[in-house]
Every structure is written in structure tokens, then in C-alpha cells.
Amino acid sequence: MTSTGTPAIYAVCALDDIPNRRARAFVLARPGADGAPQVWPIFILRWGKHVRAYENRCPHQGVHLDWERGEFLDGEGMRIQCGKHGALFDMGTGLCVEGPCRGEGLSPIEVVIDEGEICLVGVDLIEDGLGA
């Protein structure tokens, strides 16, 4: 929250930076329990003017989802696929529909499109990142 009580909004990238029906990974930083920067891997999906963002973590064993760097979708481009276990997730809800974590879901992140920029809403980020 900002001092005015409104949720913080952080621009991550332009909508056009993510091709239609694709996803892109980002590694951000947020404050840990001790206030020190903590790595926060996320990914953002785009189809048309719709975007969704999730933490890049499979609920099965906590591994990153991308099966190859930056590759998150199954062969048909219709579902998110865990590269380690093959679990399939609904793109719109993040719910696992097939695989070892069926019924569990990805951790969603609220996003909006503001003047052509994809922005995260209501998260605490460390804007200077994790350093060199």
C-alpha cells in the first residue's frame, strides 16, 4: 500500500513485449521476513489483450514450471505445463487439471494493463532488484 492507502502498482513490461499466446518469465525481488531482498520468480501469460501472472512455482514440489527457459505452455499452447512433472494447469485460473498436483493451483498475482504496460498490483517489490 502507498501512503494514500491505494495498492502499489509496478510496471513490469509493455504488453507488446510478450507475443500473443506466449508467456515470459521474470525474476523480481521482494522483501523477505528480515527485509532483505528475496528472489521472486514469476511469469506472465498473454493472449490478445488478456494477461495473467503467476509465481513460477509448481505446487507439487516447488520447482520452476518452465520446461525450457521461458517455455511454459503445452504443445497446443492451451495450458501451462510443468516441465518437471508434466502437470497441466488452466491458463485463466491456474488450477491443476491433470498431473500429480490435480486440484491444487498456481499462486496468482494481480495484474492490470495501464497505458500499454503490464503492471503488478498490490505487491511489495524491491525496485532495485537483487544487485549484481
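Two strands are said to pair if DSSP finds at least two bridges between them. In this predicted model, strand β6 (residues 88–90) and β7 meet that condition with two bridges, in the antiparallel sense. Within this pairing, Phe89 stands opposite Cys96 in β7.

| Pair | Centre to centre | Angle between planes | Class |
|---|---|---|---|
| Phe43 and Tyr54 | 5.8 Å | 40° | tilted |
| Phe43 and Phe72 | 4.3 Å | 10° | stacked |

The pair of Phe43 and Tyr54 counts as tilted because its planes stand at 40°, whereas planes under 30 degrees apart count as stacked and those over 60 as edge-to-face. This pair links distant parts of the chain, with Phe43 in strand β3 (residues 37–47) and Tyr54 in strand β4 (residues 50–55), 11 residues apart. Because its relative accessibility is 0%, Phe43 counts as buried, and Tyr54, at 2% relative accessibility, also counts as buried.

The stacked pair of Phe43 and Phe72 likewise links distant parts of the chain, joining Phe43 in strand β3 to Phe72 in the loop between β4 and β5 (79–81), 29 residues apart. Both Phe43 and Phe72 are buried. Through these ring pairs, Phe43, Tyr54 and Phe72 are linked into a cluster.

Definitions and conventions: Residues are numbered from 1 along each chain as its sequence is written. This is a predicted model: local features need pLDDT of at least 70, side-chain atom pairs count only at pLDDT 80 or more; totals for chains, interfaces and linings use all residues. Side-chain values use heavy atoms; hydrogens and water are left out. Rings of Phe, Tyr and Trp (its six-membered ring) pair if their centres lie within 6.5 Å; planes under 30 degrees apart count as stacked, over 60 as edge-to-face and the rest as tilted. Helices (H or I, at least four residues) and strands (E, at least two) are DSSP runs, numbered from the N terminus. Buried means under 20% relative accessible area, exposed over 50%, partly exposed in between (1.4 Å probe, protein chains only).
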